[in-house]
Amino acid sequence: MDDTRDMDDPQETMSEAAFLAQLRAAFSQMPNDIPIYMFVSRARDDVFAQTNRQIVRIFRELTSKITFREYPLDHDLARKWNVTHSPTLLIAPDRYAIRWLGAPMGEEGRIFLETMMMVGMGKSHLNAESKNVLQKIDSPRAVKIFVSPTCPYCPQQALNGIQAAIERPDLISLEIVDIQANPGLADQYSAHSVPQTFANEVLIGMGAQSQELFCASLKKLEPQSVFIPEVDAELVENDVVIVGGGPAGLTAGIYAVRSGLKTAIIERDALGGQVATTPIVENYTGFSQVGGKNLVDIMVSHALQYTQIFQGEAVLDITPGNPMVVQTSRRKFHTRAVLLATGASHKHLGIPGEARFAGKGVSYCSTCDGPLFVGKNVIMVGGGNSAVTEALHLHHMGVKVTLVHRRDALRAQDVLVGHLKSAGIPILWNTEVKEILGKKSVEAALLINNQTGETTTLPVKGVFLAIGYQPAVDLAKKIGVELTAAGYIRHDRHRTNVPGVYSAGDVEGGYKQIVTASGQGAESAMAIFEDLINPYWQTRKEI
């Protein structure tokens, strides 16, 4: 049976006519002309160039606002606009930096129509949150989006790029690159799956993104997997303010809101805390193995379904009262309770050369800096789970790593020790680092055997440190929260000595595991809920 469309079907013909009439009406309302330029090699008039002519001809039949000019690739205008590939379409080049390398064939045809509409109207149709992100970009972004005519996901990413280029023509330029028409460019960027997006030669997106994630990735020049809406309010009213966006804080936020408490999470640095820089997590229930950053993204996405997150704000002060006032670097919060989930930071050796070479060979994060040391000799200092995990991570990425431990046995879990032995990573027992040596960057480490007193100089290019954590208690001390002898927050089932102030997670000490921090976050949120509805607590707070 022939199931092709019957061109004589009156209903089909009427539908097409109505659609074309709508397009003509829309084009007639546009205030701007839409000049299109095509540049083609004299020796290469291929199917892509021919398709461009046909597509533009169809649109020109709908409106006189579209003009079309074709020039050879060696024309003066090609040099003016730095056009080097054939065929290339330039769309309103005096107003926008949008070009199509190839032709909008297949799935891309719809996006080309939307481009004409947006250029004609001079409007990007981005939502307010996306516009707000783009307005914060203060330096140029040269965007390349690699697409294919048969890709169902490419149109969304291409549309993201076009909208951004129309919204910020002062800083954003866009090239949509058809990999079939430009296989050499695809090979140059290793863009063998589409869509792929680069900005300023940096990969910022694999696959299609929402417009918010695209704009956030473009702003930060790195792929973003979670979009956090920004809030401009100078004063935010809440029941609970959580200071810290690690596993404890994120979990507490979910539990607090589910208890009916309006909640905000404030995080000064990266969300997820130490988890975000952990290469692989193998002991979090439900995941036999998961990347630390992936786990953080899952947690943050879940928390965002319930609570507002204010990232990049530092809490400067907390003032007791009814309400309590939390002052950050950007705004004030009024709240009934504060949860300190500030976590812990890396400990330092405090030896000569450590501070001097920080970022120049001294590192506290193998995930962040490991790729810079592939094929080079480094040491990992420490003997716990973190040190062994990060040593394994460095080893598997091709770094020549040696573990340096001040004792004669590791404190890491047996399964990690087993992986270490299987990998053949050498260990220097009873050894401490006394000094980090070098001129402009790390060149060697001065080691001492604490049993024999013998010193040796080991040539290395990097010194990675994983020797434990220092609880982040500066804010707690500032408002009078009592600490333990070890420097952690003293608490009674997450209640501190300061009424209305609670704690959870690594800042309390304990096992410093992701799962325990999450559990403590849930417990603390329920403790807050119980106290806020308890008349005795309310009376005690007012005294």
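Q: What is the accessible surface of the chain in this predicted model, and what share of that surface belongs to carbon and sulfur atoms?
A: The accessible surface is about 25,900 Å². Carbon and sulfur atoms account for 51% of that area.

Q: Why is Asn182 called buried?
A: Its relative accessible area is 6%. Buried means under 20%, so Asn182 is buried. Asn182 sits in the loop between β6 (172–178) and α7 (183–188).

Q: What makes His85 a contact of Asn182?
A: A contact needs heavy atoms within 4.5 Å. His85 is listed among the residues that Asn182 touches, along with Leu101, Gly102 and Val177, once residues up to four places away in sequence are left out.

Q: Why is Lys347 called partly exposed?
A: The relative accessibility of Lys347 is 36%. Partly exposed covers the range between under 20% (buried) and over 50% (exposed), so Lys347 is partly exposed. This residue is found in the loop between β19 (344–346) and β20 (362–363).

Q: What makes the patch that includes Lys347 positive?
A: The patch is formed by Lys347, Arg406, Arg407 and Arg411. Lys and Arg count as positive, so the patch is a positive one. Patch residues need over 30% relative accessible area, and Lys347 has 36%.

Q: How many of the residues in the chain are buried, as a percentage?
A: Of the 543 residues, 49% are buried.

Q: Which secondary structure elements does the chain have?
A: There are 16 helices and 29 strands.

How values were computed:
Residues numbered from 1 in each chain as written. Predicted model: local features only at pLDDT ≥ 70, side-chain atom pairs only at ≥ 80, totals over all residues. Heavy atoms only, no water. Patch = residues over 30% accessible without salt bridge, like charges linked within 9 Å, V, L, I, M, F, W, Y side chains within 5 Å. Areas by Shrake-Rupley, 256 points an atom, 1.4 Å probe, with all protein chains shown as cover. Salt bridge = Lys/Arg side-chain N within 4 Å of Asp/Glu carboxyl O. Charge placed at Lys NZ, Arg CZ, Asp CG, Glu CD. Helix = DSSP H or I, 4+ residues; strand = E, 2+ residues; numbered from the N terminus. Buried < 20%, exposed > 50% of the residue type's maximum accessible area, 1.4 Å probe, protein only.
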